[in-house]
Amino acid sequence: MAAFFDMGGYGGFVWPAYAIVAFVMVGLWIMSRRFQRTSSDELAALNPRTRRRQQEPNDET
Amino acid sequence: MKRKHKRLTFVMIGLLLLGSSAALILTAFEDNIVFFYSPTELVDKKPDPAQRLRIGGLVMAGSVEKLAGAVVAFTITDTAKTVTVQYKGILPDLFREGQGVVAEGHLKGGVFQADEVLAKHDENYMPPEVAEALKQSGQWKPKETTQ
Amino acid sequence: MIHRFANPTRFVRLADVIQPWAAGMTFLFFVTGLYFGLFASPADYQQGETVRIMYIHVPAAWMALFCYTAMAAACGTALIWKHPLADLAARATAPIGACFTLLALVTGSLWGQPMWGTWWVWDARLTSVLILFFLYLGYMALNNAFDDAERGFKASAILALVGFVNVPIIKFSVDWWNTLHQPASVLKAGGPAIHASMLTPLILMALAFKAYYLWVLLIRMRGEINAMKVRALRMRQVQQADMADKVAAGKVG
């Protein structure tokens, strides 16, 4: 197990490389999901058909 | 329909012009884009000792020598010409005889005084056992067995 | 209006079908690719265990070029045929491609330090990939630089097409000039120079990256379609308000 993490002495290069790839790819996925959700909320708030259900009753226009 | 074709030809001609100008510029600046010179090029060039440049090639097998004062001497070859390099410092892990190397420094009196040595590896990837088997069966690439 | 909405609606229906498959493929290929890459493959005869960086570095670099090619093709389609989804596809691809390019640069640096003996050199391959990264950033910046979205799309599409000259330069830089970076191992004449035990994790990881791209692209496309509809609705509101103002002004004056 220790030998696996050591990577023949190159663990300090191999693991950060994998960690950065995981971080960036998961991060991009989360941000893309958030973008999809916020844009769909925005659309629902503007759309006359769904607006009545989505917005507070005291909201005008 | 007409406008669509016009836009298509416009984009195509634009890309063509752009591509050819890029090719021209890259050819014109070839000397600056080249990362290193081969021993043959360097011997032909006869550069100024003050000029800082890089030389690349294979470390000739059996040429690595430890001199006094932690200086390492080795010979870089492109299988046609050779240049002797002297270097003081830490060599990269991949530095070994028969492998590619790039040295940066000055050519003084026929000896290349390097202050930086980088290893350059080739495009071959294989497990050690396979490399061993290839060597034993004599299928090893000839360029790595220079001398 | 109908033309603008009909196509995206069909696209979203198609995306509904593809997206779970893309997600499943991403997980499947990542699990198998990581298993082969980290456990079930040997160390290299020269580079030792650092060869495992190749299984993320090379797919990231391939996807960096693939995404730019896809983006440029989408931009060309948008400029020439005015397809309503093409601009959105290019916009959705740019951040993914930029991430892949960044990953290729960073993992390459982490590989270069132990093997070459340096984090970075200004050779033709590394420099041209750095330019690719700036092209992605430039595209994204220009895309959002205009108040009128359509003008931003047009200007950035032209930039993306101009920058496409860089793609063949990156691919062939290792053949045209002396570089520190090694030449191509997989996509080269005479077949791959990688042993099968190492080619397996590389291909699996490349498929994982590709499936991930498709997955995230579909998510971002949905977002872009929503954003486009929001823009259209806002514009209509403004126009209606203008119209109402004009009518009111006509009545009063």
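**Figure 1. The largest pocket holds about 820 Å³ of space.** Welcome to the first close-up of this predicted model. In all, 41 residues line the largest pocket, and those that lie nearest its centre are Val58(C), Ala61(C), Trp62(C), Arg125(C) and His181(C). Five helices of chain C each give two or more residues to this lining: H2 (54-81), H3 (84-115), H4 (124-143), H6 (166-176) and H7 (196-252). Which helix gives the most to the lining? That is H2(C), with 10 residues. Sorted by class, the lining has 30 nonpolar residues, eight polar ones and three charged ones.

**Figure 2. Chain C is built with seven helices and zero strands.** Here we step back to look at the chain whose helices feature in the pocket view. Following chain C along its sequence gives the pattern α-α-α-α-α-α-α. Taken along the principal axes, the box filled by the C-alpha atoms of chain C is roughly 90 × 40 × 30 Å.

**Figure 3. Chain B and chain C bury about 3,400 Å² between them.** Carbon and sulfur atoms account for 64% of that buried area. The contact itself takes 37 residues from chain B, while chain C brings 42 residues to it.

**Figure 4. The interface of chain B and chain C has 15 residue pairs in polar contact, with both residues at pLDDT 80 or more.** On the side of chain B that touches chain C, helix H1 (2-28), helix H2 (30-33), strand E6 (111-120) and helix H4 (128-136) of chain B each supply at least two residues. The largest share of that side comes from H1(B), which provides nine residues. By class, the chain B side divides into 23 nonpolar, four polar and 10 charged residues. How many salt bridges does the rule find across the interface of chain B and chain C? The number is zero, even though charged residues are present on the chain B side.

**Figure 5. A salt bridge joins Glu104(B) and Arg54(B).** The closest N and O atoms of Glu104(B) and Arg54(B) are 3.3 Å apart. This pair links distant parts of the chain, with Glu104(B) in strand E5 (residues 100-108) and Arg54(B) in strand E1 (residues 53-59), 50 residues apart. Over all chains, a search of the whole structure finds seven salt bridges.

Terms used:
Residues are numbered from 1 along each chain as its sequence is written. Chains are lettered from A and ligands numbered from 1 in the order in which they are written. This is a predicted model: local features need pLDDT of at least 70, side-chain atom pairs count only at pLDDT 80 or more; totals for chains, interfaces and linings use all residues. Side-chain values use heavy atoms; hydrogens and water are left out. Contact means heavy atoms within 4.5 Å. Buried area is the accessible area (1.4 Å probe) that two parts lose on being put together, summed over both. A salt bridge is a side-chain nitrogen of Lys or Arg within 4 Å of a carboxyl oxygen of Asp or Glu. A polar contact is a pair of N or O atoms within 3.5 Å; within protein, one must be able to donate a hydrogen and the other to accept it, and residues adjacent in sequence count only if both atoms are side-chain atoms. Helices (H or I, at least four residues) and strands (E, at least two) are DSSP runs, numbered from the N terminus. Ala, Val, Leu, Ile, Met, Phe, Trp, Tyr, Cys and Pro count as nonpolar, Asp, Glu, Lys and Arg as charged, and the others, Gly among them, as polar. On a 1 Å grid over the protein atoms alone, a cavity is a set of points where a 1.4 Å probe fits but cannot get out, and a pocket is an open set with protein on both sides within 12 Å along at least five of seven lines; lining residues have an atom within 4 Å of a point. Grid points are joined across faces, edges and corners, and a volume is the space filled by probe spheres set on the points.
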